[in-house]
Amino acid sequence: SINGSPCFKLQLDFTPLGISLDKDRYGHTEKTRKISATMTNYQRHAASGDPRGRPAFQQALLLALSFFPLASSFAPHRPFIALARHGASSSPLRMSSEGGGGVNIPGAPPQEVRTKEEDDAIQWDLFKKHHAKGSWRGTWTSYDYMGDVVDTSLASVDLNLDDSGDSATHTHTVITTQTVADCETCFDSTDTKILPVASYAPGNLGRGRLASSGMVIGPSLLRTGAMSTELILSHGDGRVRVVFQHAPVWEKGVEPGSCPPQGLKLFRTLVSREALRPGPPTAAAENANPPSRGNPKFFRPVPPFLWHKKWAGTSWTWGPTTGDRGWRIEEVDEADAWHGRPTGDHMGVWSMRLPGGVLVQCPRVVFGGEAGLCRLAWLPEDDGEEGTDSDGDPAKLLRIEASVMALEPIISEEDEDMMVGFYPPMLGSLRCDVTRKVGELENTSMLKKLMELDSGTGVVAPRSEEVPAPPPAAEAKPKPAAKTDSSAKDPAPSKKPEGSKEKKDDNKGEGDSGLDAIRKAIKM
């Protein structure tokens with residue numbers, strides 16, 4: 001008890017969780033020392049009955065939770081996929097597991113514990129296989145918070161390996177001016193500017209982390225004070241790259257700069273469709289030279305219902321404590337099918353669905369103590385055309401999801417009630433799914449709904465009500481025979497069947513579905 005008040009006893013023993021505090025791998029020794037010092041402070045106050053022990057305990061718990069990302073930390077005994085989703089339930093995937101919960105899928109990491117050198121070798125192999133393949137030329141399109149295009153530029157991301165394959169250079173080639181020739185004997189000319197970015201080697205990929213064909217760079221701080229998170233999905237000779245940028249923000253009525261930022265709000269999103277082709281992908285270029293099977297076609301119609309299929313494949317997950325793990329997904333459950341919910345799982349999600357089968361989602365505002373999910377889904381290929389070599393090759397769906405954490409406070413050693421700054425943003429978890437279509441979803445057939453349409457009005461009849469059937473022909477009285485007397489005047493109008501006159505009234509009973517009222521409204 002603290003000051004006579006009963007409380008729970010919590011033993012912060014992280015050894016059973018398999019959590020390693022290796023400074024060379026995680027780089028959090030300073031924060032670990034903060035946790036230890038704060039817990040020591042708590043024990044000292046609690047032993048003396050000082051009421052300050054309670055806030056000291058709360059700060060220690062906050063530091064511990066911020067050190068171990070909520071998305072993937074407390075799951076060391078058996079590998080699993082935990083989704084840090086704000087305001088949504090985390091439903092497990094249907095997957096077959098072998099060898100203690102994971103599976104050795106092609107290209108996936110082994111399930112045993114690996115050393116840092118082995119982990120670096122796997123990351124480097126993924127980098128060379130999916131990304132360090134040359135110049136990725138594309139059109140960089142920037143969107144603001146409202147989803148409007150604010151800037152476009154032609155550029156390329158150059159990732160070139162050296163002859164030994166043990167290092168790579170990363171540069172950006174931006175086209176500053178472009179002149180198009182107006183005669184047949186002239187040539188087009190462009191002026192470019194090469195911007196050096198970084199150099200990579202095994203064990204030195206900067207802020208990058210790879211999982212299968214996906215890659216995340218960041219979250220990292222820019223010189224302007226904004227946070228940048230980059231997601232990349234690669235398929236064949238093409239890839240989609242998305243950069244989310246969040247800037248400091250304050251609540252309404254609070255003077256900016258008068259206190260530490262209260263959140264990071266999205267202010268710009270960059271989307272680039274890029275390929276290893278002579279020029280940036282365009283609709284005209286793809287129509288002139290259609291990409292071969294296995295390579296994406298960026299400019300094609302993708303109806304929204306194509307996202308809603310049965311998908312199966314493999315999944316690659318990573319967490320600071322669980323490491324890399326491979327999974328076989330037998331079927332993506334509805335709760336996990338976030339690619340079919342374009343607006344996100346709650347109001348705090350900023351999303352945009354782009355032509356060519358691209359969906360992006362990220363937090364509108366990143367708050368301290370919460371894991372924000374940045375997502376990218378892509379449909380690079382449709383089903384193979386019948387009668388061609390690609391007949392029978394199913395459609396593909398790629399997804400990548402990264403949880404980011406920012407604005408984690410640094411508590412002063414001298415005064416536990418004083419915050420002296422923020423820790424750098426960090427990556428909480430990473431997941432990349434490579435799936436293919438294995439069938440159609442059940443109970444979602446549009447053909448069945450179309451069959452329920454009323455042929456006369458095009459209105460779907462309510463399922464709880466049945467349209468009354470017309471009276472049988474046997475119950476109608478026969479019409480009188482026509483007169484053959486030539487001297488007779490115009491024949492008298494035939495008597496209507498008995499049922500036809502009362503048909504309108506019969507439909508007003510309990511079985512009335514309202515179709516007659518709709519027909520009258522249409523005629524008016």
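**Salt bridges in a predicted model**

Let's start with one pair. Arg209 and Asp324 form a salt bridge through their side chains, with N to O at 2.8 Å. This pair ties together distant parts of the chain. Arg209 sits in strand β6, residues 208–211. Asp324 sits in strand β12, residues 323–331.

A word on what you are looking at. This is a predicted model. Why would such side chains pair at all? Opposite charges can pair when the charged atoms come close.

Now a second pair. Arg241 and Glu230 form a salt bridge, and their closest N and O atoms are 3.3 Å apart. Again, distant parts of the chain are linked. Arg241 belongs to strand β9, residues 238–249. Glu230 belongs to strand β8, residues 227–235. Here the separation is 11 residues.

Is Arg241 buried or exposed? Its relative accessibility is 5%, so Arg241 counts as buried. What about Glu230? Its relative accessible area is 14%. That is under the 20% cut-off, so Glu230 is buried too.

This pair does not stand alone. Salt bridges with shared partners join Glu230, Arg239, Arg241 and Glu274 into one network.

One more pair. Asp433 and Arg431 form a salt bridge, with the closest N and O atoms 3.1 Å apart. Asp433 is buried, and Arg431 is buried as well.

Last point. How many salt bridges are there by this rule? The count comes to 23. Among them are Arg209 with Asp324, Arg241 with Glu230, and Asp433 with Arg431.

Methods:
Residues are numbered from 1 along each chain as its sequence is written. This is a predicted model: local features need pLDDT of at least 70, side-chain atom pairs count only at pLDDT 80 or more; totals for chains, interfaces and linings use all residues. Side-chain values use heavy atoms; hydrogens and water are left out. A salt bridge is a side-chain nitrogen of Lys or Arg within 4 Å of a carboxyl oxygen of Asp or Glu. Helices (H or I, at least four residues) and strands (E, at least two) are DSSP runs, numbered from the N terminus. Buried means under 20% relative accessible area, exposed over 50%, partly exposed in between (1.4 Å probe, protein chains only).
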